[in-house]
Amino acid sequence: MTTFRIEHDFLGEKEISNDCYYGVQTMRAKENFDITGISIGSEPLFIKAFGHVKKAAAWANRDLGVLDAKKADAIAYACDRLIAGEFTDQFVSDLIQGGAGTSTNMNANEVIANLGLEYLGYQKGEYKYLHPNNDVNLSQSTNDAYPSAFRIALYLKSASFITALEELQKAFHTKGKEFEGVLKMGRTQLQDAVPMTLGEEFNAFATALGKDVLNVQSAVQMMTEVNMGATAIGTGVNAPEGYAELCVKYLASISGVPVTLAADLIEATYDTSALVQLSGTLKQSAIKLSKICNDLRLLSSGPRCGLSEINLPAMQPGSSIMPGKVNPVIPELMNQTCFYVMGADVTVTMAAEAGQLQLNVMEPVMGMALFTSLQYLTKACDTLREKCVVGITANAEHSKNMVMQSIGIVTQLNPILGYEECSSIAKEALATGKSIYEIVVIERKLIDQMKWDEIYSVENLIHPKFIAQ
């Protein structure tokens, strides 16, 4: 018994191991596109989405009388196995590839055909009984099957990121409530500004992430418009009448994703604006997350010679030479993840712009950029929440003392003493090292102790109300 079979395409013949469910065109892709070392099999939701697409196409073709019912059943059987998460190891094409995703589409066609052949009682490669192109790819082109599967996969994969972002938002909100009575100095341009609470600062983080949840959800909804039935360029060549509408109806039912048929299939075949929108939204999230982590690093700086308003959980020794040093490694991890996502957005932008005439051939690299960005951000959000945010503690007394020693609290006296007088007080405090209290109450006697206590009570600093002379 031979351990390989001979398959052919119009370029010639190739030996294919009998262990492989993929065929000759996938083998050529494996040989030609060895760039990233990351195969499409590493994205199981993408494979699952192809299962949805090919099953919907088979059922639509069966109903319209262009595909034998036994063949349709075999294709559906194979697709169900892909949808169940099986055979991802058979999807060996690199995520980055030439040909606008043709190799990925053919990888799916060949695997489904050979699984279907076994279901029908034939050997792998006996394509006269179930053909990758003639049957599995019937009424389709890479140019509608690939982008439709891609968008469904992004819709499904985004759910995990949205959940991670929501959980991180809740964690910050919980800390906001915990720290609502912790007085601290707010800062602008890294200089003392006016008092606030640590709770307000953390609640603002939560609010920012809550907005991003809504933005990502909105962007993901754009993934639900697909171009199945467009075939090569949107004219519907080789597809029977009514196929597009029926296929998309089946696709929505099979996948559970509320997909709809694009109104203009020619436009939908080359347009990648939905991918640009999602990528830009991920970049926006990355910018916010990185900024928040910058703040966490600053607020925890020290422990003796920095702001030291909060303590981050100690995760690991921070130096190979400095004993006892602990670094903010989890926020740093998030920073670096966000830098990657921002760069990936540039890739998506350039790839979208590179589309020409009736097709954008650069969707594979957009796929890699979006899949990895979603995966990395999801893991980073979970890590930040679990290993950092939930364990943050406040140095409340230290923060309060810094407020009372700050020159910035002179701002509270503006309504009583006026801007010029307060500027003079601030200047003297800065030059002499004296506190605002010493200058205002003891030396200049501009207000009495009772008024000072009213203005600078913790309650008034946390919830300031207007106090005039």
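Author: Happy to! Let's start with the second largest cavity: by class, its lining has eight nonpolar residues, one polar and one charged. Keep in mind that this is a predicted model.

Reader: How many cavities of 30 Å³ or more does a search of the whole structure find?

Author: Three. The largest cavity has a volume of about 50 Å³.

Reader: Ok, what lines the largest cavity?

Author: Ala100, Thr142, Asn143, Tyr146, Pro147, Thr269, Leu359, Asn360 and Glu363 do. Helix H6 (residues 142-178) contributes the largest share, four residues. By class, that lining has four nonpolar, four polar and one charged residues.

Reader: Switching topic: how much space lies in the largest pocket?

Author: About 410 Å³. It is lined by 17 residues, and those closest to the pocket's centre are Ser300, Gly302, Pro303, Val326 and Asn327.

Reader: Which elements give two or more residues to that pocket's lining?

Author: Helix H10 (273-299) and strand S7 (310-311) do.

Reader: Last one: how do the residues of the largest pocket's lining divide into nonpolar, polar and charged?

Author: Eight are nonpolar, seven are polar and two are charged.

Conventions
Residues are numbered from 1 along each chain as its sequence is written. This is a predicted model: local features need pLDDT of at least 70, side-chain atom pairs count only at pLDDT 80 or more; totals for chains, interfaces and linings use all residues. Side-chain values use heavy atoms; hydrogens and water are left out. On a 1 Å grid over the protein atoms alone, a cavity is a set of points where a 1.4 Å probe fits but cannot get out, and a pocket is an open set with protein on both sides within 12 Å along at least five of seven lines; lining residues have an atom within 4 Å of a point. Grid points are joined across faces, edges and corners, and a volume is the space filled by probe spheres set on the points. Ala, Val, Leu, Ile, Met, Phe, Trp, Tyr, Cys and Pro count as nonpolar, Asp, Glu, Lys and Arg as charged, and the others, Gly among them, as polar.
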